[in-house]
Amino acid sequence: NGPNPLDPQKFLVQEESALWLELGKVSDAVAEHVHQGNFEAALQDLARLKEPLDRFFDKVMVMVDDPAVKANRLSLLSRLAALMSSVADLSKLQ
């Protein structure tokens, strides 16, 4: 889990939980599609995260004063980034 393990029990708002739950639903499907080389299907699965991710950024302040809350939220976003990077090298986007 790295230096900042994620603890869903510490989510404070519904948008955190919603993003975490959808991420869990999408992760296995994305991994299977990537394994099969079906990147279009993997991207379609990732697109399911748009709505919960939009709500997360509309309602959740990530960089809060509480270091535990901030670390947990950053860990959630780190997992999202890792999943996205398993499909495409996002650093190539301009």
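Me: In which helix is Gly24 found?
Reply: The model shown here is a predicted one. In the protein chain there are four helices and zero strands. Gly24 belongs to helix 1.

Me: Is Gly24 buried, partly exposed or exposed?
Reply: A residue counts as buried under 20% relative accessible area and as exposed over 50%. Gly24 has a relative accessible area of 46%, so the residue is partly exposed.

Me: How far apart in space are Gly24 and Leu74, C-alpha to C-alpha?
Reply: In sequence, Gly24 and Leu74 are 50 residues apart. From C-alpha to C-alpha, the separation of Gly24 and Leu74 in space is 16 Å.

Me: What radius of gyration does the protein chain have, and what would a compact globule have?
Reply: The protein chain has 94 residues, and a compact globule of that length would have a radius of gyration near 12 Å. The value for the protein chain agrees with this. The C-alpha atoms fill a box of roughly 40 × 30 × 25 Å along the principal axes. The radius of gyration of the protein chain is 14 Å.

Me: Which residues of helix 3 are buried, and where on the helix do they lie?
Reply: Helix 3 covers residues 50–59, and its buried residues are Pro52, Leu53 and Phe56. Seen down the helix axis, these residues fall within an arc of 100°, so they line one face of helix 3.

Me: Which exposed residues does the face of helix 3 turned away from its buried side carry?
Reply: The buried side of helix 3 is covered by elements that include helix 1 and helix 4. The face turned away from that side carries the exposed residues Lys50, Glu51, Asp58 and Lys59.

Me: Which helices do the buried residues of helix 2 pack against?
Reply: In helix 2, residues 39–47, the buried residues are Ala41, Ala42, Asp45 and Leu46. They fall within an arc of 145° seen down the axis, so they line one face of helix 2. On the other side of helix 2, Glu40 and Gln44 are exposed. The buried residues of helix 2 pack against helix 1, helix 3 and helix 4.

Me: Is Val87 buried or exposed, and which residues is it in contact with?
Reply: Val87 lies in the segment after helix 4. Its relative accessible area is 12%, and buried means under 20%, so Val87 is buried. Leaving aside neighbours within four places in sequence, Val87 is in contact with Val30, Val34, Phe39, Ala42, Leu43 and Leu46.

Me: How far apart in space are Val87 and Leu46, C-alpha to C-alpha?
Reply: Leu46 is one of the residues in contact with Val87. The two are 41 residues apart in sequence. In space, C-alpha to C-alpha, Val87 and Leu46 are 9.0 Å apart.

Me: What is the relative accessible area of Arg73?
Reply: Arg73 lies in helix 4. Leaving aside neighbours within four places in sequence, Arg73 is in contact with Leu12, Val13, Glu16, Val60, Met61, Val62 and Val64. Arg73 is buried, and its relative accessible area is 6%.

Me: How far apart are the centres of the positive and negative side chains?
Reply: The protein chain has 10 positive and 14 negative side chains. The centres of these two sets lie apart by 3 Å.

Conventions. Residues numbered from 1 in each chain as written. Predicted model: local features only at pLDDT ≥ 70, side-chain atom pairs only at ≥ 80, totals over all residues. Heavy atoms only, no water. Helix = DSSP H or I, 4+ residues; strand = E, 2+ residues; numbered from the N terminus. Rg over C-alpha atoms; globule rule 2.2 N^0.38 Å. Lys, Arg positive; Asp, Glu negative; His and termini not counted. Charge placed at Lys NZ, Arg CZ, Asp CG, Glu CD. Buried < 20%, exposed > 50% of the residue type's maximum accessible area, 1.4 Å probe, protein only. Arc of directions from axis to C-beta. Contact = heavy atoms within 4.5 Å.
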